[in-house]
Amino acid sequence: MFDRTRHGLLIKAFATCCLLGLLFPEFVSAQLPYHTWYRDLNSGMIATQPIYVPDRVIDGNRVEGGLASPSDVYIAGDNHVYIADTSNNRIVELDEGGEYLRSVGMEAGPGKLNQPEGVFVSADGMIYAANTGGQSIIRYSANGRFDREFKKPESKVLTADYHFLPTKLVVDRRGVMYIVVKDTFLGLLRMSPDGEFTGFFGANKAKLSWLDRLKRSLLNERQMAQEISKQPNPIQNVSLAADGFLLTTSSGLSSDGQIKKLNAGGFDAFHNKAFWEPHLVDTAIDQNGFMYGLNRDNVVSISVYDPTGEVMFYFGSTEKSARQLGITDYGISIDINSNNELWVVDNASNLIHIFKRTSFGDTYMMAAHLYFDGDYEQSRSYWEEVIRQNGMLNIAYNGLGKIALHDRDYRTALDYFKQSNDSVGYSNAFWYIRYEWLKQNFLYAVVVLVIAIWGLSFLARRAAAFIRKRIWPARLKRYSSELRDALYVMVHPYQGFYRLKDRNISYGVICFLLLLAIGIHIWSVFASGFISYPFELGNYNIPRSLAFKVVPWVTWVIANYLVSAVKGGEGKFREVLQASTFALVPYIVITIPTTILTNFVVLEEWIIIDLITRGMWIWIIVLFFVMTQVIHNFDFTEAVKNAAITIFTIGVIWVFVMIISGLAYNFYDFIEQTYREVTYRA
Amino acid sequence: MHRTMWPVSRTARLMLILSIVIILILAVILYGRRDKLPSLQKMGISAPIVQLTAVKEGAAWKEGVKDDEGFAEVADNKKYTLLLEPKTSQISIVDKDSNYRWRSNPSREQLASETVKGALLENLKSPFIMEIVAAGQTRRSSLNTQSKGLKIDYTVLDTTGIQVKYSFEKQKLSFVIQYRLTSHGMEAIIPSDGIQEAGTSLIYSIHLLPYFGAVSAGSDTGYLFVPDGPGGLIYYDRIRPTIGSSYEFPIYGDDPAKLNYNEESMVLREQIAFPLYGLKRGNQAFAAIVKEGPYTAKIKAATPINKSKYHSVSVSFNYRDEYGRKVSGLTKETVNTIRQERSMEDRRVEFRLLSGEEADYVGMAHAYRDYLEENGQLGQQLQQANHIPLMLSIVGGGKKPQYGSDSYEPATTFNEAELIVNGLRDAGVASMNVIYQGWQNSGHTYTDERFPVVSKLGGNQGAKQFVRNMHDMGIKVLFDDYMGWKVADYSSFYKKTDGIRSIDSTVFSGQGDSFIVNPVKAVREQKQVIEALKDIGVDGIHYVDGPGSLTFSDYRSSNPLTRSDTVFYYQALLDYVREQLSLAGVTRGEQYALKHVDYIEGLPYSSSQDIMIDETVPVYPIAVHGTVGYSTVPGNMRDIYEDEMLKAIEYGAIPSFKLTYAESRVLKRTDFQDVYSSQYDIWKDRIVEDYKKFDQLAAVYHLKISNHEKLEDGIYVTSYEDGTKVTVNYKTKQFSVEGGKAG
């Protein structure tokens, strides 16, 4: 459930964030009725110049009889446009410019169409219509003459309650039809050129939340049957890519894979990836594998994906009773022609919007094409041109970084990758730089290291001797012994914590340790290597990251004391406090070297950092446990119980605080609204 | 027993001390928040004086001879005769030269073939449509001259016109429309004083002369003119899709304080910048100017698909507003409510009748320009220029989040700005002026923490030196500033006390922490700004937001402001800026600002891309050209480079660019993030190239546009009063200048 709300809000939250920057001029003026958003590698969305502008609409004025609830558009190889003109019961063919050529399927007889919602034209010019109202597929020859009708195929699988209401279809090179059938979760219906059923294809799988999983494991079959069954997203639309892949589009959040790129075996090249656009209705794909998704979202209406299925741009917008060029009311189908014009069918307003690519869009898409093809050398001039026209786009710098890496200019590459927030690229470039440095300086490095270690230990010994010789004030002595005990606890938890029993550690030392832990946390954020935080550090929310550490610790101290007091533990509050503070020492001691280390490791070696960090947390947890046992003088099982109850109590405290603050705000709001109501009525 | 001032018990003493401390703290806070701004008097600005049109009493009109249709003469001047039909109160005007008859409503023969029935048919016969609501309710019902219980009284207005009083007995409601003949046509006035609401029925809106000159489908050639962007035409002879076939938009956009805009809508459009509408039929046309009450008015245009078979364009005035009153701070749920208080302003529309040559959109633009001139709403003619002045915006830089807090990232220091200017001059840009942006101390836009000027740019000293050096070259320097919207974090104003109140009496709040500051306070604060900028030597202020682009009400309980009050204070401020510094610039430049500014950035030049609007025409540029310098979009921010350059040339704009010395990427994550390509090195050559093209129009910089026409698809000609013709060809992406001095 959490997932769902998150998804639904994503685009909106996105756009709102970005709008903040542009908020004020919003009310004022517009060159285009929509914004174009660029989705930045790892750093959110920014508004850019358009890559597509609305060019014109086809309103049916020049089409005999106009258009009535058009449902599908298909653009053939010769750029001729075929439209399923549903309520006029025909297929309309337009030329490249949108001039009316002919209608198909109007003649009485077997080829008469009834509410067709889909159209496809094969390479040999055969026209296939999803004759939805007539529950069949009708095929016409290239000259528009009726050729054959395919009714619901005979098969045991297709029971009587399976209604054959085809809405969209594509036909592959062998003449096999892949048909979208209305109101079914079974996937595409695959039909051989002879009209025989050859199985379902590409069905979505319902996504199970942890609650569903829990139910599945606990409930028996009969109980499960009473649960509302989880249905996956039905497939809305299907397109055929030039390389023979099938592109299915599904709308909704009950399954992932809103866009799937399926091969003949039904394998999804996007691995059932979740897309951020929950209201997708159709996807078009161009020669280079870039995809154009049509949304019914009021923030954006068209999303442009790179060949790996990542969003690059959003543009367009949706509005009830849309009245402007480029704004759709109920978008239903999208296709692209070889001039890269996008044709979008608006079912509610009986219009077809045509979007034209701008010169910036051309440059960008060309650069991106070469980039995804791995042709870095060729892409250089395009990326440079993109940067001239828009200096804000990370991908351009990323592209140049890859070129620099290819040219073995590692330092430049490193800089470009850092600018484009690409940790993988950065790590690669850094590996080379480190390798070359080591090759040249390995001997020196070893010598320096040895001397440094020797020097440090020598200095430490001298300092220790110096300290021993002198007489120090009692207070300072006490502090230093307490700090030594803190370090001792780290390695000898039982004995160490035992030393703390019935003894008051000075508040000064406790505060010092706590502040040190906080300070080290903040320092680690800034001192870590780029790979630890591969984004603009300015976006890192330090107060929040601190809160995630401080709040649990504080509640632990309180809860542990309360629980132990009830359960007959010996520890006083102060003892719990000081022991809990001492338990943090591993964090302080280990974070420092790991933070330094992150500056010298590449991604492949990142496991070292992960291991150390994980080990550190386990260590800290063990310390907390030992602390509970020793301070309160519990035996092992008692301590386990106690720790479990403490954790539960922490949860209770949090819930309680949330409820109280919620109620307090409600109460405040009640008072305020009552006041307003009174003043309004008065 | 005597009582001591000093309590004896310890708790009582503690309480006393505590309360004293609290009082002291409160006092300090209140003192700190006291009104420290200079007064309006010191700026020589006094509150607006409202003069309402008097309602005439007595002397009932004696109708004279009626013609076949029942119309009797009311008034007469050299050019026009005003007639009235006493039964329905329909009016008509006869142009004596051409004998052409304008009607407030379709004639009886025309109506005979009308298919609509009921209220829609009644509306067609009425010179107004009034919407009323019952107090405390939101359901609206409409009244017109066909409604039952209507009494109409006529009173003569000197010799120039007539006053019509409509009294609805059942609703205990009455109001007055006055018609006056003028030398150009007619004026229709709804005086505020003529409105009487004795019962529980309240006037919501009055749609004035909804069918004046309406053209029935297929009867005539021509178009409707609506003020979309620079001007939009809706032709009669087009077959339209059913969607978006009516036009209804508020003049100067929605009033944000009225909470009447759709928050969900992500669709952008051009708000109406000038209160003009018109209609052309055959070789007759009218241009109607909303002279009073534009701030509560909507322009409505209808095509035969909706409601009736007529093409019509008209204005509708709101007297009250419906808004969603929030019932809880926790939810977004609202209860629709209508504000009880009525808007107390007069409404006045002037119809200028055009015929023959002048009966087209250029004629409307000229009529509008004449109107502006006659009413002193247009600036003086500009000085003749040897070279076209380039307007160069320079972005100093901005603050971006950095290492947990934020820090200023300079994009162009004052020294670098000088390098840019010198570089462009050396390359052949003969005349330019500079707007410097991003100098404010807070490092943000929409701020009022301004001084001292950001030290990373050069600080106040650097600014002074820069301005001095610019003056040596004869270049004027404006600094940009913000008057309306503020972000609470970077504002010295307090959102709760200084921000405007919305119609539901709550503090108005935009997205995030933004608000709009009360215009009086904003104007008073500007005095300090102006003084500080004067010290630097700056020649003027360019207002990115506020005057010229943003008008709003403030519903605070003491000293509330209407939109026209806001406009009044903005105008006074612009005049004050010009008096103190010499130059004032604004964005968009809506009509009320025209007389008070020297430069308009982004004059409306693009349509809202409405499907129903068939052609976009430069009516607003025609009306203002030669009296104020204006630009369209900065050259480096054009969506389609060549087309928008040609459009700027077609519309007589001056060239403008928005530059940084550093690469534009520096601005990423600052408030100037939308300036995506601005680096001087990248743009220099193209600026020089563009400038040379624009400079061909230097000779007409101060002249009026005399004509504009479309030769064929994609080819337009703009002519100036000295005979210069500028032909722009969007197909070949070329333009040529012929004739006149420029040729």
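I looked up the domains of chain B first: domain 1 covers 72–374, domain 2 covers 390–603 + 653–702, and domain 3 covers 703–743; the bounds come from an automatic or database domain assignment. I kept in mind that this is a predicted model, where local features need pLDDT of at least 70, side-chain atom pairs count only at pLDDT 80 or more, and totals for chains, interfaces and linings use all residues. Residues are numbered from 1 along each chain as its sequence is written, while chains are lettered from A and ligands numbered from 1 in the order in which they are written.

Next I checked domains 2 and 3 of chain B, whose centres, taken over C-alpha atoms, are 33 Å apart. Their contact (C-beta atoms, placed from the backbone, within 7 Å) uses 5 residues of domain 2 of chain B and 9 of domain 3 of chain B.

Then I turned to two helices (DSSP runs of H or I, at least four residues, numbered from the N terminus). Helix α8 (residues 519–536) of chain B packs against helix α9 (residues 563–580) of chain B at about 10 degrees, with the axes 10 Å apart; axes are lines fitted to C-alpha atoms over the stretch in contact, and angles run from 0 to 180 degrees between N-to-C directions. That makes α8(B) roughly parallel to α9(B), a label for angles under 35 degrees. Among the contact residues I noted Val523(B) and Ile530(B) of α8(B), and Tyr569(B) and Leu573(B) of α9(B).

Last, I looked at the contact between the chains, which takes 55 residues from chain B and 57 residues from chain A.

How values were computed: Two residues are in contact if their C-beta atoms, placed from the backbone, lie within 7 Å. Angles under 35 degrees count as roughly parallel, over 145 as roughly antiparallel, 65 to 115 as roughly perpendicular and the rest as oblique.
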